[in-house]
Amino acid sequence: MASLSPALPRIDRIRASRYLCRLALPICGAQLAQIGVSTSGIVMAGRSSTVDLAAVSIGASLWVPLMLFMSGTMIGLTAVVAQLLGAGQVERIRVQVHQAGWIALAMGLIAACALSWLPSAVFALMDIPAEIATAAEAYLLAVAFGMPALAGYQALRAYSDGFNHTRPALWFSLLGLAVHLPLGLWLIFGGAGVPPLGALGCGIATAVSMWASLFGMLAYTKRARIYQRVALWRGLTAPQPAQLFALLRLGLPIGVAIFAEVTMFAVVALLIATYGTVVIAAHEVALNFTSILFMMPLAVGMALTIQVGTRLGEGRPGAASQEAWNGLWIALAAALANALVVVLFARQVAALYSTEPAVIELAVELLYLAVLFQVSDALQIGIAGALRGYKDTRAVMLITLFAYWVAGLGSGLAFGRGVPGVFDGLGVHGFWIGLIVGLSTAAALLALRLNWVSRRRLDDPTPHRPTPAPPPST
């Protein structure tokens, strides 16, 4: 992993690493808190009834990908704000955040409508039992009321992150989780005059937690001294088509890339469903635990978007290149730490999820495969984050689509189902090998792209500071 520019001096490398970690740790906590809302809902619903557990699990599999798509799309705003901040053009941030807010409002309303109207047709196609489908539809209808708030929160979080201030994302994600837990217990199981609402109660608690996070972030961005230079709430900027399209061109490829990765895992889960309950359970155990471990490399990638974008805004492409590669070593270190945890505690982890010996044994085997899985995934998400700091998002989308859907799923089908006349399939192990191939392909191709992009920026003597824009209409 050689850098294109001279390595950072030791003292600068230490300083850059510390700053990156200060950005990344709150992001990691915020991601875990957001996952905690859906996970705690599933756990509480499971204590209510099997029907509620199935309904909330199925419902979460529909709204969580939408959340990730909206979050990814808003990362484009993070890169814009970071570059403007680095360039000292703080006065231009306000209009960009307002335009992102209009995009978030549209995405939130579309997501709400989709969760209100489409699940019945989807569940009919999937042949979901009527009792579970009815409960899941009620759960999603309640969650739908929170989707505009979730989209707005993601926009304000992207603004704050781009401002190099990532701690509010942690604070208000934890606020949402803190609201969700007691409210969910009350509404799911009933009490104080409220009947047990089951899955519907879980959906109401989830929507309320989304609004709590939004109102907390609204109040903070209005009053905190760090944002005062932006004057974000001094009137509202009307939608400006040119700015809207520019943000969408930057952000939509990020959302699509993240959505493509999520759906790759979802398709693999469907493909292995024919192998029986033991395989399905073991796959879910291994995937759930590795997804939790992945939060730290993901946070490093998101922090790299901020750090690289800020350096480019300052007109320092050399520092951007150096700190990008330095950040990848940190992502790799996080992945190796995760791998060590898996190697040392795989059996204990599997036993936390299941008491069935067959499930534990297979889950341990898959967790050992996850050692390679973690390394390649950490590298590809770190490199993608650095490229987003360069605002190079469409190439990331195309590379990841090829890596996930062609290299990953293609090799997974070949290794899992076998090739007629050549060899028999390896079953679920083969599909996990395919995941490793797909993520490794993404890491390699994205590294080549980062080489090319950073070299081009270094060789171009023209300053790449954001160009002044005319004053926005208000």
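What radius of gyration would a compact globule with 474 residues have, and what does the protein chain have?

**Figure 1. Overall dimensions of the protein chain in the predicted model.** A compact globule of 474 residues would have a radius of gyration near 23 Å, and the protein chain, with 22 Å, agrees with this; the radius is taken over C-alpha atoms, and the globule rule is 2.2 Å times the number of residues to the power 0.38. The C-alpha trace spans about 60 × 60 × 35 Å along its principal axes, and the secondary structure comprises 15 helices and two strands, where helices (H or I, at least four residues) and strands (E, at least two) are DSSP runs numbered from the N terminus. Residues are numbered from 1 along each chain as its sequence is written, and side-chain values use heavy atoms, with hydrogens and water left out. Because the model is predicted, local features need pLDDT of at least 70 and side-chain atom pairs count only at pLDDT 80 or more, while totals for chains, interfaces and linings use all residues.

Figure 2. The protein chain averages a pLDDT (the predictor's confidence in each residue, from 0 to 100) of 85, and 94% of the residues score at least 70.

**Figure 3. Leu312 in helix α11.** Leu312 belongs to helix α11, which covers residues 295-313, and counts as buried because its relative accessibility is 2%; buried means under 20% relative accessible area, exposed over 50%, and partly exposed in between (1.4 Å probe, protein chains only). Tyr390 is 78 residues away from Leu312 along the chain, yet the C-alpha atoms of the two are separated by 7.5 Å.

**Figure 4. Asn164 in the loop between α6 and α7.** Most residues other than glycine have a negative phi. Asn164, although not a glycine, has a positive phi of about 65 degrees, and its loop joins α6 (147-162) and α7 (167-189). With a relative accessible area of 19%, Asn164 is buried.

**Figure 5. Lys391 in the loop between α13 and α14.** Lys391 is not a glycine either, and has a positive phi of about 60 degrees. The loop that holds Lys391 lies between α13 (357-389) and α14 (394-417), and Lys391 is partly exposed, with a relative accessible area of 34%.
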